[in-house]
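Visitor: I have a structure to look at and some questions about its side chains. Could you take me through them?

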Amino acid sequence: LLARVAAGDELGSQRQRISELVRSHTSFWGLVATRVEHNPHSMPGSAQYERFVRAWRRAAAKAAASGADAPGEDNQMPQPRLVYHGTARENMGAILRDGMDPLRRGLHGQAFGPGEYFADSAWLSCAYCAGGNQLLIFAVLGGRSVERRHSILISEQVEEQLPLATVVYLKPSAELERAAALSRQATQAAARAANAARRGMRKARIMTLLMRGEVHDASELYAAEMGEFHTRHPPHWASALRFYVRDLPRDCVNALFYGVIPVDADGLPMPSELFAWPPSAKQMPSGSHEIDAQALTEQAAALQAEAD
């Protein structure tokens, strides 16, 4: 079906992404997709398709006009978002053929305002399948997002909603679910271990540069450590650098190694009457607060072994 309609299909890339979507660990976790069926009523030439494309072009024209009014801003062409919608099996035929019916809003509540509700998470949407095992996959323009445990998308304009496909799914057994959960925990622990090891190596490199007197290079690496997290919060080990920069002027330390001299609630370095510089022996760190990368690595390995 996709091969026959690929030419001239403005939603071709979205259709191609569906198979990737249902294999995604993020959007389809906890479920197993067994079959995807593309909706023939959403193909080029159908009333639903033409209605959606017109809405898409209007949105693109609006974005282009906004760009002309504010040339310095980023006004890219809006892209449809692929999301899930759960409903009882008996409702699917009408939705696939005609789209969503605004008159049926509120059957499951409208906790976040009027509109049709969609989700990035298949697991969240399958709770509304009334015992069935089939989900709808929509392309949706615009709408408003509500962030709870999962992202919910609410769309009030039916012409901006297009049911592209259905996916049949299975819920694994409790034992398989537990193995999957352990595997996810192992992956997360391994990522934390790798991150802790990388940050520890960066800290050691900064200290080595300071011991060599290469203050400029050390400050650039320190700035990179802060910039990685796009924050003005200094690393938790900033105080460990006091010993290595104790001979630098106070203003220099504040400029190059923000946070080595403690900062107040407003993010401003403490004045000399509250924190003397050079620091006294009591103001030097006495212990390490580093995350134990080796312990995290061992935890990840143990979790993965249990999952296997």
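This is a predicted model: local features need pLDDT of at least 70, side-chain atom pairs count only at pLDDT 80 or more; totals for chains, interfaces and linings use all residues.

Visitor: What span does helix α7 reach from its first C-alpha to its last?

Guide: Helix α7 takes in residues 215-227, which is 13 residues. At 1.5 Å a residue, the span found is close to the one expected. From first C-alpha to last, helix α7 reaches 18 Å.

Visitor: How wide an arc do the buried residues of α7 cover around the axis?

Guide: The buried residues of α7 are Ala 218, Ser 219, Tyr 222, Glu 225 and Met 226. They lie on the same side of α7, because the arc they cover around the axis is only 115°.

Visitor: Which residue forms an aromatic pair with Tyr 222, edge-to-face, at 6.1 Å centre to centre?

Guide: The structure holds 6 aromatic pairs. In this one the planes are at 80°, and planes over 60 degrees apart count as edge-to-face. Tyr 222 lies in helix α7 and its partner in the loop between α7 and α8, so the pair ties together parts that are 15 residues apart in sequence.

Visitor: Which residue forms one aromatic cluster with Tyr 222 and Trp 237?

Guide: Tyr 222 and Trp 237 already form an aromatic pair. The cluster also takes in Phe 257.

Visitor: Which residue has its charged end over the ring of Phe 243?

Guide: Phe 243 counts as partly exposed, at 44% relative accessibility. The charged end sits 4.0 Å from the centre of the Phe 243 ring, and it belongs to Arg 246.

Visitor: How far apart are N and O in the salt bridge of Arg 15 and Asp 9?

Guide: Side chains of opposite charge can pair when their charged atoms come close. The N to O distance is 2.6 Å.

Visitor: Are Arg 97 and Asp 98 buried or partly exposed?

Guide: These residues form a salt bridge, with the closest N and O atoms 3.2 Å apart. Arg 97 has a relative accessible area of 44%, and for Asp 98 the value is 44%. Buried means under 20%, so Arg 97 and Asp 98 are partly exposed.

Visitor: How many residues apart in sequence are the parts tied together by Arg 144 and Glu 156?

Guide: Arg 144 and Glu 156 form a salt bridge, the closest N and O atoms being 3.1 Å apart. Arg 144 lies in strand β5 and Glu 156 in the loop between β6 and β7, so the parts tied together are 12 residues apart in sequence.

Methods
Residues are numbered from 1 along each chain as its sequence is written. Side-chain values use heavy atoms; hydrogens and water are left out. Helices (H or I, at least four residues) and strands (E, at least two) are DSSP runs, numbered from the N terminus. The expected span of a helix is 1.5 Å times one less than its number of residues. Buried means under 20% relative accessible area, exposed over 50%, partly exposed in between (1.4 Å probe, protein chains only). The arc is that of the directions from the helix axis to the C-beta atoms. Rings of Phe, Tyr and Trp (its six-membered ring) pair if their centres lie within 6.5 Å; planes under 30 degrees apart count as stacked, over 60 as edge-to-face and the rest as tilted. A charge sits over a ring if NZ of Lys or CZ of Arg is within 6 Å of the ring centre and within 35 degrees of the ring normal. A salt bridge is a side-chain nitrogen of Lys or Arg within 4 Å of a carboxyl oxygen of Asp or Glu.
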